[in-house]
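Dear colleague,

Please find below the structure that I am handing over to you. My notes on it come after the sequence and the coordinates.

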Amino acid sequence: LDIIATVRPGTCECGTEDDAARGDAVPSHRLTVQEFFTLSGLGRFQYLHALCFVVVFIRDGMEVIYAALIKPSLVCLWELSTFEGALIPALPAITYAVGSQVAGIAADKLGRKPCLQVCLGLTLALDIGCAFSESFLVLIILRASSA
């Protein structure tokens with residue numbers, strides 16, 4: 001699908017070739033995808049920022065898979081009580097509330113970029129530690145800390 005943009009100072013009207021044939025838009029220049037991103041002002045930082053958010057969304061999706069698929073196996077393997085089994089997915093949700101406040105204050109004082117880098121690095125390291133934990137206590141401590 002070719003996007004046709006009429007670029008005038010202060011405005012940007014977009015339409016398709018069908019719109020132009022009907023007279024709905026007067027194309028002055030066809031933008032390629034690369035030109036669009038170049039003109040929109042997206043740079044290296046925005047692309048890295050988007051990549052970080054994709055990684056975070058994937059991690060959040062893994063939380064659901066972890067709670068639904070892995071938790072029942074751990075309950076049987078480690079012979080956990082109902083409360084302990086419920087604590088595995090619930091504790092990170094509780095500590096997110098505290099962690100987001102602490103990270104917000106740290107970002108105000110230290111800057112967003114260093115805070116984001118430290119948080120992502122710690123989360124990665126602690127989540128890998130969760131994968132190799134061999135006891136309930138270690139798992140709970142690592143999962144609570146990763147939030």
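The findings follow, from the overall fold to single residues.

This is a predicted model, in which local features need pLDDT of at least 70 and side-chain atom pairs count only at pLDDT 80 or more, while totals for chains, interfaces and linings use all residues. Residues are numbered from 1 along each chain as its sequence is written, and side-chain values use heavy atoms, with hydrogens and water left out.

**Overall fold.** The chain has six helices and three strands; helices (H or I, at least four residues) and strands (E, at least two) are DSSP runs, numbered from the N terminus. Along the sequence their order is β-β-α-β-α-α-α-α-α. Of the 147 residues, 19% are buried, where buried means under 20% relative accessible area, exposed over 50%, and partly exposed in between (1.4 Å probe, protein chains only). The accessible surface (Shrake-Rupley method, 1.4 Å probe; for residues, only the protein chains shown count as cover) comes to about 10500 Å², and carbon and sulfur atoms account for 69% of this surface. Contact means heavy atoms within 4.5 Å; among contacts between residues at least 6 apart in sequence, 43% join residues at least 24 apart.

Leu-48, Leu-51, Val-54, Val-55, Ile-58, Met-62, Ile-65, Leu-69 and Ile-70 form a nonpolar surface patch of about 820 Å². Patch residues have over 30% relative accessible area and no salt bridge; like charges are joined within 9 Å, and nonpolar side chains (Val, Leu, Ile, Met, Phe, Trp, Tyr) within 5 Å. A salt bridge is a side-chain nitrogen of Lys or Arg within 4 Å of a carboxyl oxygen of Asp or Glu. Val-54 lies in α3 (residues 44-77) and is partly exposed, at 43% relative accessible area. Glu-79, in the loop between α3 and α4 (82-110), is exposed, with 71% relative accessibility. The C-alpha atoms of Glu-79 and Phe-136 are 9.9 Å apart, although 57 residues separate the two in sequence.

**Helices α4 and α5.** Helix α4 packs against α5 (residues 112-131) at about 135°, with the axes 7 Å apart. Axes are lines fitted to C-alpha atoms, for helices over the stretch in contact, and angles run from 0 to 180 degrees between N-to-C directions. The two helices, α4 and α5, are therefore oblique to each other, since angles under 35 degrees count as roughly parallel, over 145 as roughly antiparallel, 65 to 115 as roughly perpendicular and the rest as oblique. Thr-95, also in α4, is buried at 18% relative accessibility.

Yours sincerely
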